[in-house]
Amino acid sequence: MIAFPQQLIDGYRTFASQRLPTEQSRYRDLSVRGQSPEAMVIGCCDSRVSPEVIFDAGPGELFVVRNVANLVPVYQPDQGAHGVSAALEYAVSVLRVKHIVVLGHAQCGGIRAFIDNIEPLSPGDFIGKWMAMFVKPGEVVEQRDRETMHDFTVRIEKAAVFRSLENLMTFPFVRVPVERGELHLHGAYFGVAEGALFVLDQAAKEFRSVGEPVGGTGSSA
């Protein structure tokens, strides 16, 4: 029998000896009254981009869903299994979150696989099929004239945030509370190398560095 990863055992022991004692009462409280996070974060499953770490969140503070390239599909009430849609339904209809944040990031493998149009990694081509929903029927995504590959990649990484925000509004149980002002949608982008966070200014359609004054130079998608 293969042993449980030692790195995880060591990590738990550190948690149990250092962090748990300071948060034990919070865990007990959460176990009794349940969770009531105000924010849901839809992020990428990339191991370098942990919402709980980036936002310094404690237990029970964030409802997090992670998938390849932080994508939200369009609303499809069919017989299929829809993990992101199920999580959205629970977060909005049961937990009554007040904010949904779509968190994109630099060096996204899913976006790069989409841009490079890689060969399927398996007969199921799960990554290819998942990333295909990023593009609307008839839409063409290609590098612009004089655009470097780096700039093209960043533009598409940020475009994925815009598309997911757009797709969120196809869900009736999301759209209605948004229109009532009871639920707010946000976009963000994390620079892995610098640890920099950029938040979407939806009016200007630009990502602005956290701490940047309103009206400053942003980073457009």
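I count a polar contact as a pair of N or O atoms within 3.5 Å; within protein, one must be able to donate a hydrogen and the other to accept it, and residues adjacent in sequence count only if both atoms are side-chain atoms. This is a predicted model, so I kept its limits in mind: local features need pLDDT of at least 70, side-chain atom pairs count only at pLDDT 80 or more, and totals for chains, interfaces and linings use all residues. Residues are numbered from 1 along each chain as its sequence is written, and side-chain values use heavy atoms, with hydrogens and water left out.

**Entry: R208 and D201**

I started with R208. Its side chain makes a polar contact with the side chain of D201, at 3.0 Å. R208 is in strand β6, residues 206-209. Helices (H or I, at least four residues) and strands (E, at least two) are DSSP runs, numbered from the N terminus. R208 counts as buried because its relative accessibility is 13%. My cut-offs: buried is under 20% relative accessible area, exposed is over 50%, and partly exposed is in between, with a 1.4 Å probe and protein chains only.

**Entry: whole chain**

I listed the elements next. The protein chain has seven helices and seven strands. From the N terminus the order is α-β-α-β-α-β-α-α-α-α-β-β-β-β. The radius of gyration is 19 Å, close to the 17 Å that the globule rule gives for 221 residues, so the protein chain is as compact as a globular protein of that length. That radius is taken over C-alpha atoms, and the rule is 2.2 Å times the number of residues to the power 0.38. Along its principal axes the C-alpha trace spans about 55 × 50 × 45 Å.

Then I looked at burial and surface. Of the 221 residues, 35% count as buried. The protein chain exposes about 13200 Å², and carbon and sulfur atoms supply 54% of that. The areas come from the Shrake-Rupley method with a 1.4 Å probe; for residues, only the protein chains shown count as cover.

I also checked contact range, where contact means heavy atoms within 4.5 Å. Among contacts between residues at least 6 apart in sequence, 64% join residues at least 24 apart.

**Entry: S31**

S31 lies in helix α1, residues 6-33. Its side chain reaches the backbone oxygen of R28 at 2.7 Å. S31 is exposed, with a relative accessible area of 60%. I took one distance from here: S31 and G60 are 29 residues apart in sequence and 9.9 Å apart in space, C-alpha to C-alpha.

Which residues of α4 are buried? I found G110, I111, A113 and I115. Their cover includes α5 and α6 (149-168). N117 follows α4, and its phi is positive, near 50 degrees.

Further on, L121 sits in the loop between α4 (109-116) and α5 (126-132). L121 is exposed, at 66% relative accessible area. With I118 and I127, L121 makes a nonpolar surface patch of about 270 Å². Patches are made of residues with over 30% relative accessible area and no salt bridge: like charges are joined within 9 Å, nonpolar side chains (Val, Leu, Ile, Met, Phe, Trp, Tyr) within 5 Å.

**Entry: S164**

I moved to helix α6, where S164 lies. S164 counts as buried, at 1% relative accessibility. Leaving aside neighbours within four places in sequence, S164 is in contact with N70, L71, V72 and V102.

**Entry: salt bridges**

How many salt bridges does the structure hold? I get 13. The test is a side-chain nitrogen of Lys or Arg within 4 Å of a carboxyl oxygen of Asp or Glu.

D46 and R48 form one of them, at 2.7 Å, N to O. D46 is buried, with a relative accessible area of 13%. R48 is partly exposed, at 41%.

E166 pairs with K136, the closest N and O atoms being 2.5 Å apart. This pair links distant parts of the chain: E166 is in helix α6 and K136 is in the loop between α5 and α6, 30 residues apart. E166 is partly exposed at 36% relative accessibility, and K136 is partly exposed at 40%.

E166 also forms a salt bridge with R163, the closest N and O atoms being 3.7 Å apart. E166 and R163 are separated by about one helical turn because they are three residues apart in helix α6. R163 counts as buried, at 12% relative accessibility. Salt bridges that share partners join K136, E139, R163 and E166 into one network.
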